[in-house]
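Opening the notebook on this one.

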Amino acid sequence: MKRMYPYIRPWLWAMVAAILFKGAGAVTDLLIPYMMGILIDTGIATGEAHQIVVMCLAMLFLTLVTAGFNILANFISARATQKIGERIRNALYSHIQKLTIKDVDRVETPSLITRVTNDVEHVQRTLLMMTRFMVRAPIMAIGGVCLSLMLDPVLTLVIFVGMILLGVASMSVYKVTRPIYRRVQQAIDRLTTILREGLSGIRVIKSFNKSEYEINRFTSQSKKVKKHELKAGLFNAYMDPSIGLITNMTIAVVLFCSGFRVEAGALEIGKIFTIVNYINMILNAMTRIPRMFMMFSRANTSSARIAEILDIEESTEYGKADDRKCENTVLEFRDVSFAYPGSPANSLKHVSFKVKKGETLAVIGATGSGKTTLQNLILRLYEPSEGSIRFEGRDIREYSKRALNRMVTAAMQQYTIFGMTIRDNIILDQDFEEDRLERSARSAQIMDLIDELDDHFEYEIAQNGTNLSGGQKQRISVARTLYRQADLTILDDVSSALDYRTDLRLRSALRRNYTGKAVLLISQRISSVRGADQILVLEKGAAVGLGTHEELIRNCEAYRDICRTQAVEVPEGGECHA
Ligand SMILES: Nc1ncnc2c1ncn2[C@@H]1O[C@H](COP(=O)(O)OP(=O)(O)O)[C@@H](O)[C@H]1O
Ligand SMILES: [Mg+2]
């Protein structure tokens, strides 16, 4: 919990105030039975009406004060812990947003979700419990014992025995249930993971007839949760009656002993009444203590899980450069090699190329040949293991994050469409400009669809874009990329979801509407790449060809192979015709 201190600190005073009010409430709470005893012994026993009225009024006052303290304390602590929870949650989320893809991959999304929701919730609830009982429970237990001692030391001995019995009982229950609760938590975590996978992938699951398998996976985990919960519940089922038993036995023994004490003239009825009340208060307070331990240890685990994320540093370091040197070469790969973390093989091997202003470089290669990896490195989602990437005359690492965002933009293969209007999906963080929006939508070949819709650009896309087809979503993601008018636009395999004619239109619109901008066009289709200024042929991460379509047809066997599989005619040593 120590790691949560920075988030608690602004509310520390509120927490302390709540604890103090709660403590004051406990003190006044303890006084009420004490006054009741006096009332019985001096007022009722002697029958003095005046005394009874005064004592009753005093007790009423104390009751009101106690209620006041408790309400105030509960109000302050609820507010403070909610605020603390909010702070932790927000800090965690903004930190996650800044992590590199590599780290997000490592921790995995469902686990991140659990940390932002459940773990923060645990910490918050525990803080609330602590402010309410951390001081109140000891005051009730110790204060109760002290007051009982004042009233009758002999009977207090019996209370001591009761306390020891209860202490042993609740500590042993705590010891036994703690590992059980831990297993419950783990089982629930696992269940949540299965649930998230099963729900987010429901389309795939249905289409592959995997429903039966998923149902089995879920129900068997659900069974495990039930098993552990049941075990924990069973121990709790012992716990409450045992507390009641020990409390009532203590009261019975105290009453039995008090008979002798009254006979000996050492005790009055009112005091017995007070002591019985204290037994209830003391033993009740004692049962809180192991529960607090339990919650605390759980919150400790949660806060460690939160801290683990907060401690991951943003490992991509950005430079300060905000301007470009405005060289003619926009992008240059210099002998770049790269292996994904934990992967033994290089996904890119000594790749070099240059893209000039206004040029289109197409990248072609089979799946897994490293095309998307190329894009990931340019976007700095990963760092090259060897070689360097230069942008407008500088090493890419010298640029600030903002500058880089302005200069490069990518329509990714795995694009995301948000549950917002088409317009907002295209514009995102940019300023709105009507003609810029239209141009990007028109170039991305999505204008036909927008014109057909009643709301045009204001059409609300459902969450995850379920009310659009794959090709439509992809074109919106292309429009989003074009809207940014960056110096370099990367289009990763966008043609795969487009028919040949739309693909052709997209490419000519790009050339027409975005002259002067460089394009990196990733594709698997010869028809998409053949018009490009240069074509880079990738094979298992290595650049096996670089040149125009005609040049490659003549001298690149890998390229000729791709042409043949796509029924593009390859004349021996001559020109080629589609
Ligand atoms: N996140 C990743 N972690 C480890 N290996 C990866 C990761 N992404 C891709 N790879 C591997 O890198 C190689 C190139 O992948 P990729 O660039 O996505 O290919 P392409 O886009 O050409 O289909 C493949 O062998 C793939 O298995
Ligand atoms: Mg790819």
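**Core.** I started with the largest nonpolar core, which has 63 residues. V363, A479 and L520 are the ones with the most contacts inside that core. I then listed the contacts of V363, leaving out residues up to four places away in sequence: K371, L374, L520, I522, L536 and L538. As background, nonpolar side chains tend to be buried together in soluble globular proteins.

**Confidence.** I have to keep in mind that this is a predicted model. The average pLDDT of the protein is 87, and 97% of the residues score at least 70. I flagged residues 574-578, where the pLDDT is below 50. Even so, I found 10 contacts in the model for that stretch, beyond near neighbours in sequence.

**Ligand 1.** Which residues surround ligand 1? I read off Y340, S343 and S347, then G365, and then T367, G368, S369, G370, K371, T372 and T373. Sorting this shell by type, I get nine polar residues, one nonpolar and one charged. K371 from this shell also turned up above among the contacts of V363.

**Helix α16.** Next I checked the length of α16, residues 470-483. Its 14 residues should span 20 Å at 1.5 Å a residue, and the end C-alpha atoms are 20 Å apart, so the two agree. Is this helix mostly covered or mostly open? Mostly covered: I count 11 of its 14 residues as buried. The buried ones are K473, Q474, R475, I476, S477, V478, A479, R480, T481, L482 and Y483. A479 is also on my core list above. Among the elements that cover these buried residues I noted β6 (408-411), α13 (422-427), α14 (434-443) and β7 (488-492).

**Positive phi.** Most residues other than glycine have a negative phi, so I looked at a few exceptions. D335 is not a glycine either, and its phi is near 50°; I placed D335 in strand β1 (residues 329-338). E392 has a positive phi of about 45° and is in the loop between β4 (386-391) and β5 (394-395).

Are D335 and E392 buried or exposed? D335 counts as exposed because it has 12 C-beta neighbours inside 10 Å. E392 counts as buried because it has 23 of them inside 10 Å.

Definitions and conventions. Residues numbered from 1 in each chain as written. Chains lettered and ligands numbered in written order. Predicted model: local features only at pLDDT ≥ 70, side-chain atom pairs only at ≥ 80, totals over all residues. Near = placed C-beta within 6 Å. Nonpolar A, V, L, I, M, F, W, Y, C, P; charged D, E, K, R; others polar. Core = buried A, V, L, I, M, F, W, Y, C linked by C-beta atoms within 7 Å. Buried ≥ 20, exposed ≤ 12 C-beta atoms within 10 Å, placed from the backbone. Contact = placed C-beta atoms within 7 Å. pLDDT = per-residue confidence, 0-100. Helix = DSSP H or I, 4+ residues; strand = E, 2+ residues; numbered from the N terminus. Expected span 1.5 Å × (residues − 1).
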